[in-house]
Amino acid sequence: TLSLGITFRDHFGRKNIRTSFLWDNLFFAEKGTDGYLNNVNSFLSLSFEKNFNTKTKSPQWFGIGAGLLTRRNGDYFKGNTAKIFIIHEMENRRISLQPEFYLTDDFKKFAFGMTMKYTF
């Protein structure tokens with residue numbers, strides 16, 4: 001995930017609200033006739049998050065986001081596809097789980113997904 005965002009602070013200088021553009025690449029591997037194929041599907045998303053930790057300087061973000069499929073590769077998504085996701089980042093944690101809800105086949109079919117993110 002590549003993220004570009006703006007963080008707003010409160011009058012005490014603590015991080016308060018964050019809005020971001022996200023570029024997510026989903027990598028799917030499948031066995032082809034010549035070995036394994038890597039199919040990359042990309043989503044462009046917008047998220048809005050709020051910091052719920054006002055006691056320390058480490059933020060604890062919770063928010064929601066939505067995105068559209070911009071690059072399709074393989075048979076995983078059909079037609080126009082969107083996703084809605086929930087962001088919950090705990091303070092000082094490198095690993096986060098992000099539930100995602102996909103609307104595919106011209107927004108007619110629903111699928112659930114989960115993303116595990118590790119921050120370097």
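**View 1. D105 and its salt bridge with K109.** D105 has a relative accessible area of 24% and is therefore partly exposed (buried is under 20%, exposed over 50%, partly exposed in between; 1.4 Å probe, protein chains only). Its side chain meets that of K109 in a salt bridge at 3.8 Å, N to O (a side-chain nitrogen of Lys or Arg within 4 Å of a carboxyl oxygen of Asp or Glu). The model is predicted: local features need pLDDT of at least 70, side-chain atom pairs count only at pLDDT 80 or more, and totals for chains, interfaces and linings use all residues. Residues are numbered from 1 along each chain as its sequence is written, and side-chain values use heavy atoms, without hydrogens and water.

**View 2. The salt bridge of E89 and R18.** The two side chains meet at 3.4 Å, N to O. E89 lies in strand 5 and R18 in strand 2, so the pair ties together parts 71 residues apart in sequence (strands are DSSP runs of E, at least two residues, numbered from the N terminus). E89 is partly exposed at 30% relative accessibility, whereas R18 is buried at 18%. R18, E49 and E89 are linked in a network of salt bridges.

**View 3. The salt bridge of D24 and K83.** The side chains of D24 and K83 meet at 3.0 Å, N to O. D24 in strand 2 and K83 in strand 5 are 59 residues apart. Both residues are buried.

**View 4. The largest nonpolar core.** This core consists of L26, F43, L69, F77 and Y102 (buried Ala, Val, Leu, Ile, Met, Phe, Trp, Tyr and Cys residues joined through side-chain atoms within 4.5 Å).

Terms used: Helices (H or I, at least four residues) and strands (E, at least two) are DSSP runs, numbered from the N terminus.
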